[in-house]
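Subject: Handover of a two-chain model

Dear colleague,

Please find below the sequence and structure that I am handing over to you. My notes on the findings follow.

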Amino acid sequence: MAFNLTSDIHNGVVRITLSGELDASVAGQFKTAVEQAAVAQPKSLALLVSDLSYMSSAGLRALVFAKQKMGASIRIFVVGAQETVQETIEMTGFSHSVVMLESYDAAQIEA
Amino acid sequence: MNDSTAVSDLASLVRVDSYPTHEHEGIRLRHGTPLPFGATIVAGGVNFSVFSHNANYCQLVLFKKGAAKPFAEIPFRGLFTDPQTHEPLWGEFRIGDVFSMVVFDLDPESIEYGFRMTGPGNSATRGEPGIHRFDLTHVLMDPYTRAVSGRNVWGVAPNWQDVYPYRAGIVQNDFDWESDRPLEIPIEKLVIYEAHVRGMTKHASSNVRHAGTFAGLREKIPYLKSLGVNCIELLPIYEFDEMENDRLNPLTGERLYNYWGYSTVGFFAPKAGYAAVGRRGDGTMVADELKQLVKELHTAGIEVMLDVVFNHTAEGNEFGPTLSFRGIDNQTYYMLTPEGYYFNFSGTGNTLNCNNPIVRNMVVDCLRYWASEYHVDGFRFDLAAILGRDPSGAPLSNPPLLESLAFDPILGKVKLIAEAWDAGGLYQVGSFPAYGRWAEWNGKFRDSVRQFLKGEPGKVGEMALRVQGSPDLYASRGPTASINFITAHDGFTLHDMVSYNEKHNEANGENNNDGANDNESWNCGWEGPTDDTEINALRNRQMKNAFIMLLTSQGIPMMLMGDEVARTQNGNNNTYCHDNELNWMDWSLVEKNAELLSFASRMTKFRAAHPALRRRDFLTGRDTLGSGYPDISWHGPHAWHPDWSHDSRVLAWMLCGKHSKDDYVYVALNMHWDTHIFELPQLPDGKRWHVFANTGAAHPNDIYEVGTEPELPEQSHIFMGPRSTLIVVGR
């Protein structure tokens, strides 16, 4: 499944929806979206990944890039990760950089 | 020029060598850089660099991940095309003995690579000797590859017909370490726990999400912390092939493996099959999982030491497979006889030519890589005596490799530990070239303690040397040169050492001929499991005695995974080939043998609390401070009168508190089968003896928590039961 990315701003939260496979060939697109999100100075960044079927090591690095780009005070939520993606994030330790949520919790994300 | 302009100008600087100059069948190329060796991600592509002194031709072979056939083969020399003009263009991508080339537009995540080489001599013939073994039909793995695929999931049978079974991959080394760095715990404070990555959590009782992996081991960090160890020494985690053993267990018909992993395929690559993410086939992800393990161990205050095997490779002898080194430069990488046979000082078929300058540099590069990229804290070198042999196999008095490692700037703070012997008969315990850096697995500590523990006569004097850190062996190096161990992966577990007189290795399929015969073990009256409560109680006591001997001796203690819960290998003392319960840590023992676990944990904490037990310098037996007591004094049933006689099986010593800014510590060992009364040395005025441990007492009075030791009601003497040990502290 081809990679696709859309984003919007909702209640001060930048929401980036990712689908398909996030690997080295498309990680640059994700990084560009994160850079644009940082300009908006959101209260948090929500990555909606329920349709993301695969995340490679380059994709994992994009999470770290997002954390570094947004700054320590901006929380990053990974929402609805499929088991494969969730396991990848956990096993490689990147879960420490983000907050993993099963579903979009507006009270937490938009607080 | 203002500052902002300067920064802006710097940001706009780009390398002018990041564009292609040549083209081969549509693939864009340019000269590469010889260093670093291996595959390195550079602007626009990947730099490939490989050494061979003897090869006269090399070509790069590129595969899509897992593909049966390469999608491209690019020679490092020949006619290319100019990418701008498409005119023919000669090129040779080589400087000195190094072939190097940048290939543009490669996705590092999706490719695997290898080399083909030719050189002098005929193609290698299996079974025949040869100085050179060049063969253009073989795709060769890069000796410097940071990732190897082909055995991504442990125990899954590979495609045996694969033209390229162990494939080099490309790793992005930019893990987010945050503030982590090697811990640099002073060596005298270490308590080492020798463990197998898979064995730690593969057992069904481990209750971890990813059993048998780096990620699984992460979940056991709290256990290690509560046990009180602060260094985990991992059996080999460099890529090896567990499937290289094709024999069967004659008792069960089960497949046997190369479980321990002492047969390296790739020195720079972590074993993919040890990573939960290994099945994804992403070498960077495998590296990330291991790095996260190291990072979390460090956060818990636990160092990571790797058991490294530089004495041989998985290519075996002249009958072995051509995987990498022998096809790249056989004469450089291996010790060869003049006829071209492989010297076999490792007992496994070949011997890496470690004091050849090229190989020496590779070993240094490798350790630098693990220390800097993986934040590894130390290395234990398997059969390290080999590292001191010259290319003809003769021992060197001043081995360049060992010296290089000892004085290397990046390795300046890592621990270097030698298994100071090899399979060729070179035994260097006490004489390993140390350069003020190297410590050694002290095999004599193991043997002496085992002999004393089982009550052999004539061992008191030797035991006294061992508990001091073996000054007879390390007089000029100090007690921190001595890695004290009673058990290790190679041999009986502690439980089996007190349960078996003989090895029981039938399951290994070698007619019980493998494994050591001189185990210095004692079964306490019955061979193997028994319902006899007296025998079981004695075994339990002997294990506690062993922990006291190990953890009160000067030097660096090392315990074997599971000994603290009486893990058994059913009397097998060479379980190198078993991927089953024989080797896996049974976590139900944590509850079943909680008494022993508690004993071991309290002993590690006692050692941590008492600097007198872990001195950097040898004790002298003299009063150097005017405290009224020697720093160490020897005793027996009569205070100040040790019994050194041949039939003696008792020994006690006292460590003066003033000399170590500590409590007074008195340890007594009664390995006689009778009760003895031990007269206690008199303490300075105002101080009283408190009992910390007495293995002759029933649980829970066998050991106390540090700081809660009850005062002895009788301060002048104490009864010690048969085969029991005692620790009292004076404060």
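**The contact between the chains**

Between the two chains, 13 residues of chain A are in contact with 17 residues of chain B, where contact means that the C-beta atoms of two residues, placed from the backbone, lie within 7 Å. On the side of chain A that touches chain B, helix H2 (57-70) and helix H3 (83-91) of chain A each supply at least two residues. H2(A) gives the most to that side, with five residues. By class, the side of chain A that touches chain B has five nonpolar, six polar and two charged residues. In this classification Ala, Val, Leu, Ile, Met, Phe, Trp, Tyr, Cys and Pro count as nonpolar, Asp, Glu, Lys and Arg as charged, and the others, Gly among them, as polar.

Please note that this is a predicted model, in which local features need pLDDT of at least 70 and side-chain atom pairs count only at pLDDT 80 or more, while totals for chains, interfaces and linings use all residues. Residues are numbered from 1 along each chain as its sequence is written, and chains are lettered from A and ligands numbered from 1 in the order in which they are written.

**Chain A**

Chain A has four helices and five strands; these are DSSP runs numbered from the N terminus, with helices being H or I of at least four residues and strands E of at least two. Read from the N terminus on, the elements of chain A run β-β-α-β-α-β-α-β-α.

A compact globule of 111 residues would have a radius of gyration near 13 Å, and the 12 Å of chain A agrees with this. The radius of gyration is taken over C-alpha atoms, and the globule rule is 2.2 Å times the number of residues to the power 0.38. The C-alpha trace of chain A spans about 30 × 25 × 25 Å along its principal axes. Of the 111 residues in chain A, 40% are buried, a residue being buried if 20 or more other C-beta atoms lie within 10 Å of its own, exposed if 12 or fewer, and partly exposed in between, with C-beta atoms placed from the backbone.

The strands of chain A form an open sheet of five in the order S1-S2-S3-S4-S5, with mixed pairing; two strands pair if DSSP finds at least two bridges between them. Strand S1 (4-10) and strand S5 (99-101) of chain A stand at the edges with a single partner strand each, so one side of each is left without a neighbour in the sheet. On average, neighbouring strands of this sheet are turned by 20° against each other, direction ignored. Strand S4 (residues 75-79) of chain A pairs with S5(A) in the parallel sense over three bridges, and Phe77(A) stands opposite Val99(A) in S5(A). H2(A) packs on the sheet, touching strand S2 (13-22), strand S3 (44-55) and S4 of chain A, and its direction makes about 175° with that of S3(A). Axes are lines fitted to C-alpha atoms, for helices over the stretch in contact, and angles run from 0 to 180 degrees between N-to-C directions.

**Chain B**

Chain B has 16 helices and 30 strands. For its 731 residues, a compact globule would have a radius of gyration near 27 Å, and the 28 Å of chain B agrees. Buried residues make up 55% of chain B.

The domain assignment of chain B gives domain 1 (17-169), domain 2 (191-611) and domain 3 (618-730), with bounds that come from an automatic or database domain assignment. The C-alpha centres of domain 1 and domain 2 of chain B lie 35 Å apart. In chain B, 40 residues of domain 1 are in contact with 39 residues of domain 2. The largest share of the domain 1 side, three residues, comes from S12(B). The residues of that side divide into 19 nonpolar, 13 polar and eight charged.

Chain B also holds a closed barrel of eight strands, S14-S15-S18-S19-S20-S21-S22-S23, with parallel pairing. The twist averages 25° from one strand to the next. Within chain B, strand S21 (residues 438-441) and strand S22 (residues 482-485) pair in the parallel sense over two bridges, and the bridge partner of Trp441(B) in S22(B) is Ile483(B).

Yours sincerely
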